[in-house]
Amino acid sequence: MTTLQRKEVNPIAHLSPEDIEQIGRELDAIRDEVLAVRGEKDAKYIRRVIAIQRRLEVGSRAVLLFSVFPPAWILGTIGLSISKILENMEIGHNILHGQYDFMRDPKIHSTTWEWDFAAPAEQWKHSHNELHHKYTNVIGRDNDLGYGIMRVDEQQKWAPAHLGQPLYNFINACLFEYGIAAYDLELGRNLSSKRRRNNPDFRARLRQVGRKIRNQMLKDYVAHPALSVPVGLAFGNPFGAFFGTLAANVVANVVRNLWSHSVIMCGHFPNGVETFERTSITGETRGEWYLRQMLGSANISGSKLMHIMTGNLSHQIEHHCFPDLPASRYAEIAPKVRALFEKYELKYVTGPFVVQVASAWSKVFRLAFPNRKPARPIDHAVPPRHPAEVSV
């Protein structure tokens, strides 16, 4: 936990090695409690959500056949936006985490599910499940932290290019599914040299992303708008029908992108969430891994509907501690996790959606400018020290 240990106020200085490992054991016990009861209730839940999402999508697309009429366009666009958010957040994200692999259902399994998103599931699982969750909030290793385009910590060297990061972040939010596909590919890194550009593995993955984007665009921006043309002909406005449905799909995709980007920003970027140095995970124990997930995540408070629409990433702390447990279980274990924070005098970062979004964006703007005062220097030659060895 190198960065924390060198802060002026170290939030884990009061923890002993035994405390940290005990935290890990207590969180393992919470996980085991859920595993002991996981079963048919969870299977029924995800099947019900999938059925609702599919009916909502079909119904919304049926309404959009009449998109030449403003009320139908508005109703269909709202329904399609909600459908895409559900498919992306509560269904796709959680299935691809393997949360429902225990069902042994080949149609609802992390190895077979493909989602309505530009990033192919196979590539996303690697960059998200294997890298992001392993390197949570480790600067330079966790691409979800700033997506490789933003300065995310005062310790990072400032450059004039960072002045544009509020704009970069907004563009990334609008085009989020394409931004995720690009960073799954490590596009900037792999385009930086001829050798990397010509790497057969990179080129194969690039073709895979190209095919996925092509298929998504054909579905949303050609096939479904074309289905509206006969209705448009009947009312003397075929072009209005085609472009009305196309516009509805564009709006629904942008709404889904903005929502998912905001939820993820709330989970890792509000004030109070910690970041970590690249060396911080060297020799990391089970308890230390748990502690990093706890301190590197933030929650969103709200209603049951809010939790469903965020894919239960409103319980980001619980998700990062237990990424393979059914997300619908996070609400019931959250009080136990929060009690553990209180027991060990750790800060449980949570707040309403609007507050968390504002907090995350304020950090984006603040870090776009040079530090108000010099950053606390870090001597990288000094090895990571245990919190108990540091006096604050």
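1. Buried, as used in this note, means under 20% relative accessible area, exposed means over 50%, and partly exposed covers what lies in between, with a 1.4 Å probe and protein chains only. By that definition Lys212, at 11% relative accessibility, counts as buried. The model is a predicted one, in which local features need pLDDT of at least 70 and side-chain atom pairs count only at pLDDT 80 or more, while totals for chains, interfaces and linings use all residues. Residues are numbered from 1 along each chain as its sequence is written, and side-chain values use heavy atoms, with hydrogens and water left out.

2. Lys212 is found in helix α10, where helices are DSSP runs of H or I with at least four residues, numbered from the N terminus. The side chain of Lys212 is joined to that of Glu114 by a polar contact of 2.8 Å, and a polar atom of the Lys212 side chain also lies 2.6 Å from the backbone oxygen of Phe117. A polar contact here is a pair of N or O atoms within 3.5 Å; within protein, one must be able to donate a hydrogen and the other to accept it, and residues adjacent in sequence count only if both atoms are side-chain atoms.

3. Helix α10, which spans residues 200-227, also holds Arg211, and this arginine counts as partly exposed at 41% relative accessibility. Arg211 gathers with Arg203, Arg207 and Arg214 in a patch of positive charge on the surface. Patches are made of residues with over 30% relative accessible area and no salt bridge, like charges being joined within 9 Å and nonpolar side chains (Val, Leu, Ile, Met, Phe, Trp, Tyr) within 5 Å.

4. Ile171 lies in helix α6 and, at 42% relative accessibility, counts as partly exposed.

5. The structure holds 19 salt bridges, a salt bridge being a side-chain nitrogen of Lys or Arg within 4 Å of a carboxyl oxygen of Asp or Glu. One of them joins Asp220 and Arg61, whose closest N and O atoms are 3.0 Å apart. Because Asp220 lies in helix α10 and Arg61 in helix α3 (residues 40-63), the pair ties together parts that are 159 residues apart in sequence. Asp220 counts as buried at 2% relative accessibility, and Arg61 counts as buried at 11%.

6. Lys219 forms a salt bridge with Asp116, with the closest N and O atoms 3.2 Å apart. Lys219 lies in helix α10 and Asp116 in the loop between α4 (70-96) and α5 (121-132), so this pair ties together parts that are 103 residues apart in sequence. Lys219 counts as partly exposed at 24% relative accessibility, whereas Asp116 is buried, with a relative accessible area of 11%.

7. Arg366 and Glu154 meet through their side chains in a salt bridge of 2.9 Å, N to O. With Arg366 in helix α17 (residues 353-366) and Glu154 in the loop between α5 and α6, the pair ties together parts that are 212 residues apart in sequence. Arg366, at 28% relative accessibility, counts as partly exposed, and so does Glu154, at 31%. Elsewhere, salt bridges that share partners join Glu57, Arg61, Lys84, Asp116, Lys219 and Asp220 into one network.

8. Two residues deserve a look for their backbone. Most residues other than glycine have a negative phi. Arg104, although not a glycine, has a positive phi of about 60°; Arg104 lies in the loop between α4 and α5 and is exposed, with a relative accessible area of 67%. Asn312, also not a glycine, has a positive phi of about 65°; Asn312 lies in the loop between α14 (304-309) and α15 (316-321) and is buried, with a relative accessible area of 4%.

Terms used:
Accessible areas come from the Shrake-Rupley method with a 1.4 Å probe; for residues, only the protein chains shown count as cover. Lys and Arg count as positive and Asp and Glu as negative; His and the chain ends are not counted. The place of a charge is taken as NZ of Lys, CZ of Arg, CG of Asp or CD of Glu. Helices (H or I, at least four residues) and strands (E, at least two) are DSSP runs, numbered from the N terminus.
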